[in-house]
Amino acid sequence: MIYERTIRRPVECNGIGLHSGAPVRLRIRPAGAGSGIVFRRVDLDGFEVEAVSRNVAKVSYATSLMKKGVLISTTEHLLSAFIGMGVDNAVVELDNLEVPILDGSALPFIQMISDAGLRQQRRKRTYLKILRPCEISEGNKFIGVYPAERYSVSYAIDFPHPLIGSEHFQVELSNGSYVKDVAAARTFGFLEQQRALLHMGLIRGASRENCVVLTREGLDNPPLRFADEFVRHKVLDLIGDLALFGKRILGYVKADRAGHALHTAIVSRILRDQSHAEEITLSEAAIADWPAEHLAVAD
Ligand SMILES: [Zn+2]
């Protein structure tokens with residue numbers, strides 16, 4: 001909790017991008033203290049794009065980063081896994097423009113990070129402590145970030161579909177419940193929107209193996225992993241987008257029918273105005289009553 005962490009050894013996998021459909025090799029490497037999460041395009045002379053708010057480019061059906069015209073697409077599930085596992089520093093190498101979708105959840109990334117192992121670093125982790133409420137509404141969409149001792153998020157969705165309807169889910173990020181309750185929740189999509197999205201150049205890599213496919217009445221590829229898998233996936237996405245603070249936050253985040261655009265907008269608003277948050281480190285005493293993170297750091 002107090003010190004930064006990276007992974008112990010490089011790990012890699014192959015997959016395809018959800019939207020591009022492009023094949024991609026992903027390698028995650030250990031990185032030095034204070035370096036954060038940095039994407040590296042090995043197909044473009046190792047050009048680096050830091051996973052921070054100022055590099056956010058496009059946010060519609062996924063969150064993409066861009067720096068000097070170099071794109072890193074669909075970053076949210078991997079960044080979510082790093083937050084869930086307490087990884088502060090890593091280099092993420094890609095040989096194409098999009099992070100692989102794998103099974104549509106963060107679980108394969110959690111497994112890769114577990115396989116790599118975690119290493120505690122000497123530098124104290126800097127948290128972004130939220131000092132006052134910040135809220136954004138857009139029609140019936142809402143997101144708010146509030147002061148709190150620890151990091152937690154809650155999400156509400158309401159889709160007019162027999163399997164979804166109103167769902168609400170809340171998770172605390174410091175007690176290991178991310179891995180148990182959030183990481184396995186998959187991306188979902190509506191079959192009746194498939195054609196329109198393909199026309200927009202999206203979901204070229206989508207399949208029954210990497211997303212929950214909803215038909216008009218039910219599910220094309222059962223079973224669900226959780227009865228409320230949909231809202232849990234929104235929580236997963238939100239945590240991944242909030243990773244673009246570049247730091248872990250101490251605060252409570254409440255979202256209602258939000259999406260990538262609102263998630264990233266509130267990060268940028270909070271970072272723009274210094275009265276919203278301050279950077280702090282924590283002492284042993286400050287976290288004495290926190291539940292232990294689920295993975296012991298073997299040193
Ligand atoms: Zn997602």
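**View 1. Helix H1 gives the most to the lining of the second largest pocket, with 3 residues.** This is a predicted model, where local features need pLDDT of at least 70, side-chain atom pairs count only at pLDDT 80 or more, and totals for chains, interfaces and linings use all residues. Residues are numbered from 1 along each chain as its sequence is written. The second largest pocket holds about 500 Å³ of space. Of its 28 lining residues, Gly36, Ile37, Asp88, Gly246 and Lys247 are the closest to the centre. Strand E4 (37-41) and H1 are the elements that give two or more residues to this lining. (A pocket is an open set of points on a 1 Å grid, where a 1.4 Å probe fits, with protein on both sides within 12 Å along at least five of seven lines; lining residues have an atom within 4 Å of a point. Helices, H or I, have at least four residues and strands, E, at least two, as DSSP runs.)

**View 2. The largest pocket has a volume of about 1,100 Å³.** It is lined by 44 residues, with Tyr61, Phe188, Gly189, Phe190 and Gln193 the closest to its centre. Among the elements that give two or more residues are strand E16 (188-190), strand E17 (212-214) and helix H6 (260-272).

**View 3. Gly189 sits in strand E16.** Gly189 is partly exposed because its relative accessible area is 23% (buried is under 20%, exposed over 50%, partly exposed in between, with a 1.4 Å probe and protein chains only). Leaving aside neighbours within four places in sequence, Gly189 is in contact (heavy atoms within 4.5 Å) with Val212, Val213 and Leu214.

Definitions and conventions:
Side-chain values use heavy atoms; hydrogens and water are left out. Grid points are joined across faces, edges and corners, and a volume is the space filled by probe spheres set on the points.
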